Amino acid sequence: MATSSLSGAALQASRAALSAALADQPPSTLTSAEEGLEPGEIQEVNMEAQAEGIRTVFSDPTNFNVKHPLYSPWTLWFDSPATKGRNMPQTPVSAFPQTPIPQTPGAAAAQGWMEDIKRVISFDSVEEFWGLYNNIIPPSQLPQKANYYLFKEGIIPAWEDEANKNGGKWSIQLPKDKNRLNVDKMWLYTMLAAIGETFDPSPTDSENGSQSLITGVIVSTRPQFYRLSIWTRLAPSGVDEDGLRERIEGVGKYFKISVLGYPEGAKLAGPLATEVEFLSHKDSEKKGKPKKIVV
Ligand code: MGP
């Protein structure tokens with residue numbers, strides 16, 4: 001049976017998140033010749049001058065206020081049987097920036113579905129992410145039938161949202177008894193890959209007309225299993241448009257191998273377990289047995 005090698009995935013996901021965090025400080029791309037060095041000659045680094053240019057938490061030990069920005073701000077949402085039918089106030093955590101819930105046509109169409117889903121908080125830096133992560137209940141300790149939804153700010157966790165309506169989701173179902181000790185790390189690495197933008201290595205610069213395929217990630221607890229899902233903006237149809245199917249499959253493979261740590265080709269389906277499989281939201285809404293992509 002396939003086993004999960006989580007330590008490798010942890011390293012990769014943490015590195016990815018870190019490089020995302022440091023994306024505003026690109027490394028020097030000059031060759032040694034361009035820097036006026038002989039081949040093999042090592043440049044002397046003026047540590048003091050360099051230190052002046054770098055801000056770390058040590059630059060301001062009193063306020064501890066240096067932040068490493070993420071590519072995009074993200075919002076965490078939550079629901080559980082306890083949030084159903086209850087008008088709960090938003091979480092009063094003043095240290096985190098709060099943003100209004102977007103009032104889009106999608107939000108209006110999804111009103112019934114969104115009624116029980118509570119917006120927890122938005123964040124846009126690595127430090128705020130860890131502050132949030134360290135202060136919320138991990139999936140293994142959530143009640144049954146609960147979900148965390150981590151979505152890009154401005155996108156609600158509903159099929160009806162403009163960003164989701166033509167998309168789909170990769171998901172894997174994991175039996176609870178065998179994954180109680182794994183699920184928290186799996187969810188952490190899934191979140192790190194999302195905020196570090198490593199699922200879809202295409203440019204994330206929407207001004208250049210190219211956007212990451214990822215809109216959000218979800219962990220769900222059900223009586224006998226956990227489910228992890230990655231939502232995408234687009235879903236391939238029958239004919240492959242501009243390599244979209246390949247790009248979507250790339251997301252699924254990255255999720256299975258690099259984030260969850262399963263070997264390529266490992267068969268994961270079994271009692272209460274599924275493969276890593278993709279389904280468009282349009283097919284999710286239909287009854288019957290739709291065709292899934294499996295990696
Ligand atoms: P689910 O929670 O994604 O599936 O959707 P699950 O876990 O198999 O079922 P559960 O009953 O154990 O929670 C369950 C149902 O919620 C769907 O059949 C829809 O009726 C509804 N639903 C789910 N999603 C993601 C949406 C959505 O985005 N919009 C709307 N309108 N309904 C949704």
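Student: What should I know before I start?
Tutor: Residues are numbered from 1 along each chain as its sequence is written, and side-chain values use heavy atoms, with hydrogens and water left out. This is a predicted model, where local features need pLDDT of at least 70 and side-chain atom pairs count only at pLDDT 80 or more, while totals for chains, interfaces and linings use all residues.

Student: Which residues surround the ligand?
Tutor: Trp 113, Ala 158, Trp 159, Glu 160, Arg 222, Arg 227 and Trp 231. A residue is near a molecule if one of its heavy atoms lies within 4 Å of it.

Student: Which polar side-chain atom lies 2.6 Å from a nitrogen atom of the ligand?
Tutor: One that belongs to Glu 160. Arg 222 has a side-chain N or O atom 2.9 Å from an oxygen atom of the ligand. For Arg 227, a polar side-chain atom is 3.0 Å from a ligand oxygen.

Student: How much of the ligand does the protein cover?
Tutor: 52% of the 630 Å² of accessible area that the ligand has on its own. Such areas come from the Shrake-Rupley method with a 1.4 Å probe; for residues, only the protein chains shown count as cover.

Student: New topic. How many salt bridges are there?
Tutor: A search of the whole structure finds six. A salt bridge is a side-chain nitrogen of Lys or Arg within 4 Å of a carboxyl oxygen of Asp or Glu.

Student: Where are the partners of the Glu 128 and Lys 67 bridge?
Tutor: Glu 128 is in helix H5 (residues 126-133), and Lys 67 is in the loop between helix H2 (47-53) and strand E1 (69-79), 61 residues apart. Helices (H or I, at least four residues) and strands (E, at least two) are DSSP runs, numbered from the N terminus. Their N to O distance is 3.0 Å.

Student: Is Glu 128 buried or exposed?
Tutor: Buried, at 7% relative accessibility. Lys 67 is partly exposed, at 47%. Buried means under 20% relative accessible area, exposed over 50%, partly exposed in between (1.4 Å probe, protein chains only).

Student: And what does Arg 247 pair with?
Tutor: Asp 200, with the closest N and O atoms 2.9 Å apart. Asp 200 is buried at 2% relative accessible area, and Arg 247 is partly exposed at 27%.

Student: What about Lys 118?
Tutor: Lys 118 is buried but has no salt bridge. The nearest side chain of opposite charge, Asp 116, is 5.4 Å away; Lys and Arg count as positive and Asp and Glu as negative, with His and the chain ends not counted. A polar side-chain atom of Lys 118 does lie 2.9 Å from the backbone oxygen of Glu 115.

Methods. A polar contact is a pair of N or O atoms within 3.5 Å; within protein, one must be able to donate a hydrogen and the other to accept it, and residues adjacent in sequence count only if both atoms are side-chain atoms.
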